[in-house]
Amino acid sequence: MVKGLFPTVCAAMVLALPAYGQSSRITQDMADFETSMNGQTLRVQRNGAACPPSCVQPMQAASGVVTVAELEVLDFLDLFVSSGQGLLVDVRFPDGFASGTVPGAVNVPEATLRSDNPYREDLLSALGVRSGDFSSAFDLVILAGGPDDAQAPEAVRALLEAGYPETKLKYYRGGVAAWRGLGLDLATGQ
């Protein structure tokens, strides 16, 4: 290596690091985690996408809403989606959805489920809600980008706030990131 080049190369490599390689908060309220174990300090920090918005999400999106993993998503597709009784809902924006999603998912962006959307009642109607009656509403599995994507828990909470029964909602916390990480096929261009 040419003398004096090493510091320049190292500086260029640091500048070239993607944003997800930089230190980030774990949650909005937790920069890092520290505890004592057997007289030793145990510390956990996070290197990843900036938090917010990409903060680690809790396992449970809302009280009473079941969290599922990949095998349960496959069962849901087989038992509910294939029979027309349920929908696998990717709540990311359309560009994220188009870049790859769980096969069988439909795109309903989280922002459209919020109470301030003047067309939310029309959307709820498309989900099987009739004049505030949720008895014929689809069972839903809600997913987003992954365990650090707040859109899925926000969508679950928006649906609950609209009156959607918790028994008809499930939360796939792993989302597209976990699906892809396990080597499962993604659907694109839907």
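A: A residue is called buried when its relative accessible area is under 20%, exposed when the value is over 50%, and partly exposed in between (1.4 Å probe, protein chains only). By that rule, buried residues account for 36% of the 190 residues in the protein chain. The model is predicted, and local features therefore need pLDDT of at least 70, while side-chain atom pairs count only at pLDDT 80 or more and totals for chains, interfaces and linings use all residues. Residues are numbered from 1 along each chain as its sequence is written, and side-chain values use heavy atoms, with hydrogens and water left out.

Q: Why is Arg120 called buried?
A: Its relative accessible area is 9%, and the term requires a value under 20%. Arg120 is therefore classed as buried.

Q: What makes the contact between Arg120 and Glu161 a salt bridge?
A: The term requires a side-chain nitrogen of Lys or Arg within 4 Å of a carboxyl oxygen of Asp or Glu. For Arg120 and Glu161 the N to O distance is 2.9 Å, and the pair qualifies.

Q: Why are Asp32, Glu34 and Arg43 described as one network?
A: Salt bridges that share partners join these three residues. Arg43 meets Asp32 at 2.2 Å, N to O. Arg43 lies in strand β3 and Asp32 in the loop between β1 (23-24) and β2, so this pair links parts that are eleven residues apart in sequence. Arg43 also forms a salt bridge with Glu34, with the closest N and O atoms 4.0 Å apart.

Q: How do you know whether Glu34 is buried or exposed?
A: Glu34 has a relative accessible area of 52%, so it counts as exposed.

Q: What makes Met30, Phe33, Met37, Leu42 and Val44 a nonpolar patch?
A: Patches are made of residues with over 30% relative accessible area and no salt bridge; like charges are joined within 9 Å, and nonpolar side chains (Val, Leu, Ile, Met, Phe, Trp, Tyr) within 5 Å. Leu42, for example, is partly exposed at 34% relative accessibility, and it lies in strand β3. Together the five residues have about 400 Å² of accessible area, computed by the Shrake-Rupley method with a 1.4 Å probe, where for residues only the protein chains shown count as cover. The elements giving two or more residues to the patch are β2 (33-37) and β3 (40-44).

Q: Why are β5 and β7 called edge strands?
A: The open sheet of five strands is ordered β5-β9-β8-β6-β7, with parallel pairing. β5 (66-68) and β7 (105-107) each have a single partner strand, so one side of each is left without a neighbour in the sheet. The partner of β5 is β9 (residues 169-172), joined by three parallel bridges, with Val66 bridged to Lys170 in β9.

How values were computed
Helix = DSSP H or I, 4+ residues; strand = E, 2+ residues; numbered from the N terminus. Pairing = 2+ DSSP bridges.
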